[in-house]
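Here is a quick walk through a predicted model, one chain at a time and then across the contacts. Keep the viewer open as you read.

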Amino acid sequence: MAGHISPKSTYYAIFGALMVLTAVTVGVAFVNLGSFNFPVAIGIAITKATLVILFFMHAKYSSTLTKMFVGTAFFFLFILLTLSLTDYLSRGLKTYPGGAGGAGYGVRTESSMETRPATGGEGH
Amino acid sequence: MSDAIAAHAGAHAAHTAHAVHHPDLQHHFDSLEQQHEAATLGMWLFLITEVLFFGGLFLAYTLYRIWYPVAWAEASRELDIVLGAFNTAVLIGSSLTMAFAVRAAQTGKQRATVVWILLTMALGLVFLIVKYFEYKEKFEHHHVPGPNFAFEGPQAGPAQIYFSLYFLMTGLHATHMIIGFVIMAVIAWMAHKKRFTPEWYTPVEISGLYWHFVDIVWIFLFPLLYLVDRAGHFA
Amino acid sequence: MTVPAPRETYLNHEHTVASWLLTKDHKRIGIMYLVVVTMAFFLGGLFASMIRLELATPAGDLVSADTYNKMFTMHGVAMVFFVLIPAVPAILGNFVLPLMLGAKDVAFPKLNLLSWYVFVIGFLFTIYAMVTGGVDTGWTFYTPYSSRASNTNVMMTGLGVFITGFSSILTGLNFMVTIHRMRAPGLTWFRLPLFVWSLYSTALVMVLGTPVIAITVLALAIERFLHFGIFDPVIGGDPVLFQHMFWFYSHPAVYIMILPPMGAISEVIATFSRKSIFGYSFVAFSSLAIAVFGFLVWAHHLFVAGISVYSALVFSFLTYAVAIPSAVKTFNWAATMYRGAIWLKAPMIWAIAFLGLFLVGGLTGLFTAALGVDVHIHDTYFVVAHFHFIMVGGAIMGYFAGLHYWWPKITGKMYSDIWAKVAAVIVFVGFNLTFGPQFLLGYLGMPRRYHVYPPEFQVLNVLSSAGASILAVGYILVAIYLVASIFYGEEAGDNPWHATGLEWTTQSPPLPHNFEVQPVVTEEAYEYSKREIKVV
């Protein structure tokens with residue numbers, strides 16, 4: 001029984017790539033990309049994680065089932081985040097003219113605190 | 001198809017006749033290969049649970065980052081980016097040494113396995129020591145949430161949420177590292193006792209999977225906690 | 001005439017206490033789970049009795065409001081985490097799964113034993129919390145009451161739940177690897193019994209969902225203990241975040257509770273209709289669909305909590321979608337029975353009861369899934385009735401159907417079929433009397449989790465409490481004849497139901513290592529058409 005044995009050069013190469021990406025992510029953090037800083041940082045992190053999973057954890061050389069398991073984990077994490085955000089990203093939206101917002105009250109975020117008066121709870 | 005089934009049944013009958021039996025083969029498995037596949041699948045499944053375990057905190061983080069960008073920017077700047085980047089490099093290095101440890105076990109190099117695992121543990125220890133100093137600094141600056149929390153400016157409330165998440169996420173991560181450290185000690189001991197062969201090195205491999213996972217969590221924690229707004233966009 | 005030596009079974013293989021407490025045999029572990037889960041069931045039932053006793057009169061005259069809050073909280077905690085979640089998977093699943101697969105054990109027998117110990121430790125923590133003051137937040141632990149205001153044992157209970165969650169995770173992990181890697185030769189996926197499909201789907205939910213409640217409860221405990229504040233509105237936190245995180249697990253959790261009983265129902269209906277399950281692959285895929293879709297609907301518990309109405313619309317739509325695979329299964333079970341050779345033994349009675357009660361439970365779920373209707377009935381007894389129809393009328397009935405079906409295999413003995421049928425009828429009548437009136441009460445506006453109510457609701461409440469006492473009699477009766485069967489029951493034989501399935505090809509009770517020779521599978525599941533058995 002032998003799992004796949006990677007050559008040492010592969011490991012060194014991946015290590016090098018990870019270090020470079022770490023330096024890049026630190027460097028890019030000091031560049032003002034506005035709202036894009038967050039997706040760029042996440043994107044670099046995802047790339048690094050993918051390299052670790054594929055090469056250090058041998059997922060690339062593992063069964064299809066293993067690859068499906070890995071994908072499943074991130075898929076459901078994605079569900080947790082995005083479906084929850086359907087709530088949080090749409091709370092400030094008005095539902096009727098002059099209305100406070102979805103579900104009957106305004107959410108107090110930093111950007112809205114000055115402009116939107118705090119409403120009493122309507123409905124539930 | 002039925003030939004394959006019959007052949008397998010025949011081969012299995014030979015096994016149950018109890019002729020050759022590898023000492024590391026557990027009795028409910030038919031072959032070392034099946035046992036190895038089961039073990040690695042099991043560890044990957046456990047890591048899936050860990051992804052969702054940390055995932056809940058990532059949800060909280062995401063939500064509050066959207067709600068309180070200014071507080072997030074200010075609070076994140078209180079973290080030491082040099083120490084954070086250093087720790088990231090240390091952990092990635094420990095993943096490299098771990099990968100070499102597995103490779104050494106795969107190729108039957110017992111002593112090298114021990115050495116690489118000890119190096120992994122050493123790097124892990126460095127990480128934890130740096131973390132200790134970071135936490136100490138947080139205590140001194142009253143950035144630990146709770147009754148003694150103090151933060152200047154109007155962002156104090158949401159900043160306390162940031163630091164709650166900082167301690168929850170890094171604390172949980174550090175706990176996993178400590179557990180990993182203990183696991184590595186056990187594996188190092190087993191390697192020292194020459195337990196592993198190229199036919200059976202499963203504990204090294206699945207411990208490696210766990211260690212790499214802990215590294216991956218930090219790969220996400222570093223930018224999320226240390227690099228929120230270093231360019232001064234929000235504040 | 002010489003008396004033949006008793007056969008070796010997993011029960012008489014070794015006798016010491018240590019051989020049980022240190023066992024790696026999945027069959028013994030299943031029985032050990034049975035003992036603890038039954039204890040938890042009676043504990044939860046005790047709390048339920050207190051609830052129904054208090055609610056027999058409109059005034060709060062039996063217990064104080066605070067005590068009542070503790071009663072319904074601990075009823076929920078005991079029943080959800082220590083009965084419904086583990087019952088079918090950890091008892092019947094542990095016992096039957098390796099047998100159904102033709103395997104000697106599960107993939108990780110030591111982890112299996114560990115899962116039992118973790119379960120017991122979590123249970124002990126929770127009992128400790130209950131006896132040293134209790135907890136009054138509701139089993140849902142909503143913040144900020146649970147994190148800031150309640151002065152009861154929130155942390156201790158949370159810790160108990162946290163620990164028990166790992167038992168669930170280990171079981172799910174074990175089942176998934178076992179099903180993937182330990183099937184007998186010839187046992188392809190689409191030859192598997194549907195119970196295995198349902199266990200696999202359940203395991204998927206256990207593995208993916210349980211960690212989220214673990215972190216939620218941990219965060220709550222830390223918030224209480226160390227005053228971290230991620231749910232605290234005073235510093236800008238969102239208490240509804242707790243609800244999102246909590247229900248992300250707790251909704252899929254209800255599918256952990258219902259999928260395995262559904263699997264047992266498939267087995268029972270096939271066997272006692274002498275027919276293959278109608279639409280086998282549809283039922284198999286529906287199990288998976290329920291598991292996956294079940295993760296997409298959690299915020300229907302938050303419709304009136306303050307989430308955005310757009311989000312509520314999305315979740316309402318998804319909730320209707322998740323009902324479809326359950327409906328598919330229900331139709332397929334009915335279609336299986338149509339033109340089948342129905343054999344009305346006790347397991348079948350429980351299964352038929354399941355069908356009717358699950359149908360009502362499922363349909364009333366559609367009421368609650370409609371946003372406008374839910375605004376009216378949320379937090380009323382309508383919802384209480386809905387989920388009890390599913391969890392008791394569905395999950396518990398399914399569990400009993402499975403228990404009665406596999407009891408001869410587990411113990412090697414037959415229980416009294418007459419008494420079993422009598423008990424099923426008593427439970428069915430008692431159940432309907434307990435929870436039927438609650439739909440009306442909820443629709444008329446009686447809120448849940450209150451120990452007092454307006455006098456005009458008393459008649460329905462008295463009916464409900466009367467039903468509860470009948471229900472209790474039924475359950476106690478089940479315990480009596482099942483235990484009696486162990487000592488006085490007839491020998492069951494290998495296959496008393498003349499059923500298909502690998503578990504019935506081995507002796508009852510099984511050998512410690514299940515099979516003398518590893519079976520090889522050459523036919524499809526439920527090949528009743530090839531069997532000609534005259535059933536008396």
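In chain B, residues 24 or more positions apart account for 76% of the contacts with a separation of 6 or more; two residues are in contact if their C-beta atoms, placed from the backbone, lie within 7 Å. Chain C gets to 85% for contacts joining residues at least 24 apart, again among pairs at least 6 apart in sequence.

Some housekeeping: this is a predicted model, where local features need pLDDT of at least 70, side-chain atom pairs count only at pLDDT 80 or more, and totals for chains, interfaces and linings use all residues. Residues are numbered from 1 along each chain as its sequence is written, while chains are lettered from A and ligands numbered from 1 in the order in which they are written. The scores are ipTM 0.93 and pTM 0.93. Chain C has a mean pLDDT of 95, with 98% of its residues at 70 or more; pLDDT is the predictor's confidence in each residue, from 0 to 100.

Chain B has seven helices and zero strands, and from the N terminus on its elements simply run α-α-α-α-α-α-α. Chain C has 16 helices and two strands. Helices (H or I, at least four residues) and strands (E, at least two) are DSSP runs, numbered from the N terminus.

What about overall shape? A compact globule of 235 residues would have a radius of gyration near 18 Å, but chain B has 23 Å.

| Chain | Residues and buried share | C-alpha extent along principal axes |
|---|---|---|
| Chain B | 235 residues, 53% buried | roughly 75 × 40 × 30 Å |
| Chain C | 536 residues, 60% buried | about 80 × 45 × 45 Å |

Here buried means that 20 or more other C-beta atoms lie within 10 Å of a residue's own, exposed means 12 or fewer, and partly exposed is in between, with C-beta atoms placed from the backbone.

Helix H7 (residues 154–181) of chain C is mostly covered, with 25 of its 28 residues buried. At 1.5 Å a residue, H7(C) should span 40 Å, and its end C-alpha atoms are 41 Å apart, which agrees; the expected span is 1.5 Å times one less than the number of residues.

The largest nonpolar core has 289 residues, and those with the most contacts inside it include B:Ile48, B:Leu165 and C:Trp350. Such a core is a set of buried Ala, Val, Leu, Ile, Met, Phe, Trp, Tyr and Cys residues joined through C-beta atoms within 7 Å. Leaving out residues up to four places away in sequence, B:Leu165 touches B:Leu57, B:Ala60, B:Tyr61 and C:Ile230.

Now the contacts between chains. The one between chains B and C takes 35 residues from chain B and 36 residues from chain C. On the chain B side, helix H1 (2–16), H2 and helix H6 (156–192) give two or more residues each, and H2(B) gives the most, with 17 residues. By class, that side has 21 nonpolar, 13 polar and one charged residues. Ala, Val, Leu, Ile, Met, Phe, Trp, Tyr, Cys and Pro count as nonpolar, Asp, Glu, Lys and Arg as charged, and the others, Gly among them, as polar.

Toward chain A, the contact takes 46 residues from chain B and 40 residues from chain A. H2(B) gives the most to this side of chain B too, with 16 residues.

Notes:
The radius of gyration is taken over C-alpha atoms; the globule rule is 2.2 Å times the number of residues to the power 0.38.
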